[in-house]
Amino acid sequence: MVAESIIPLLSQNWPLVILVVIVAYLANNYFNRGLNKYPGPVLAALTDWWRFVDVYWRRPDITHIKLHAKHGDIVRLGPNALSFANPKALKDIYGLNKGFVKVRLNDTHEPASRGMRGPSLRAGNRSLTNL
């Protein structure tokens with residue numbers, strides 16, 4: 001069978017296999033979703049570790065200002081993250097049916113018990129009478 005011939009080959013060349021997997025992962029991050037057309041640090045396009053280190057040093061705002069001064073209104077901050085400096089872009093990002101997925105940040109503020117959402121005063125949530 002094919003598996004019987006591939007497994008010994010992979011086990012003999014495991015460093016090369018690991019290198020190929022890492023390069024494929026980084027290439028996928030770089031070209032993911034067409035964001036490679038936006039400028040920014042090369043490491044930011046490859047991995048989120050760049051952003052982690054930037055936040056660890058506690059002044060990512062200064063870094064963002066410098067990046068926008070160097071690259072313009074749109075800067076790539078991660079494999080799946082862009083930063084916009086122009087307020088006119090708000091309509092394109094948050095407008096209806098624009099294709100951008102918004103994160104529901106309020107989910108982290110909702111009460112929960114045993115993995116289920118609890119009652120809250122937020123519109124669209126269960127009312128207190130349905131408990």
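This is a predicted model: local features need pLDDT of at least 70, side-chain atom pairs count only at pLDDT 80 or more; totals for chains, interfaces and linings use all residues.
Residues are numbered from 1 along each chain as its sequence is written, and side-chain values use heavy atoms, with hydrogens and water left out.

Let me begin with the overall layout. The protein chain has six helices and four strands, where helices (H or I, at least four residues) and strands (E, at least two) are DSSP runs numbered from the N terminus. The chain exposes about 10,800 Å², of which carbon and sulfur atoms supply 64%; accessible areas here come from the Shrake-Rupley method with a 1.4 Å probe, and for residues only the protein chains shown count as cover. If we take contacts, meaning heavy atoms within 4.5 Å, between residues at least 6 apart in sequence, then 36% of them join residues at least 24 apart.

Which residues make up the largest nonpolar core? There are six, namely A44, W50, L67, V75, L77 and A81, and the term stands for a set of buried Ala, Val, Leu, Ile, Met, Phe, Trp, Tyr and Cys residues joined through side-chain atoms within 4.5 Å. One of these core residues, V75, touches P39, G40, L67, H68, A81, L82 and S83, if we leave out residues up to four places away in sequence.

Next, the charged pairs. Side chains of opposite charge can pair when their charged atoms come close. The structure holds two salt bridges, each being a side-chain nitrogen of Lys or Arg within 4 Å of a carboxyl oxygen of Asp or Glu. In one, R51 pairs with D48, and the closest N and O atoms are 2.8 Å apart; R51 is partly exposed at 30% relative accessible area, and D48 is partly exposed at 38%. In the other, the side chains of D61 and R59 meet at 3.0 Å, N to O, with D61 partly exposed at 38% and R59 partly exposed at 46%.

Finally, the aromatic side chains. The count comes to three aromatic pairs, where rings of Phe, Tyr and Trp (its six-membered ring) pair if their centres lie within 6.5 Å, and planes under 30 degrees apart count as stacked, over 60 as edge-to-face and the rest as tilted. The ring centres of Y30 and F31 are 4.8 Å apart and their planes stand at 85°, so this pair is edge-to-face. Y30 is partly exposed at 28%, whereas F31 is exposed at 52%. Y56 and W57 also form an edge-to-face pair, with 5.4 Å from centre to centre and 75° between the planes. Y56 is exposed at 54%, and W57, exposed at 62%, lies in the loop between α4 (49–56) and α5 (60–71).

Notes: Buried means under 20% relative accessible area, exposed over 50%, partly exposed in between (1.4 Å probe, protein chains only).
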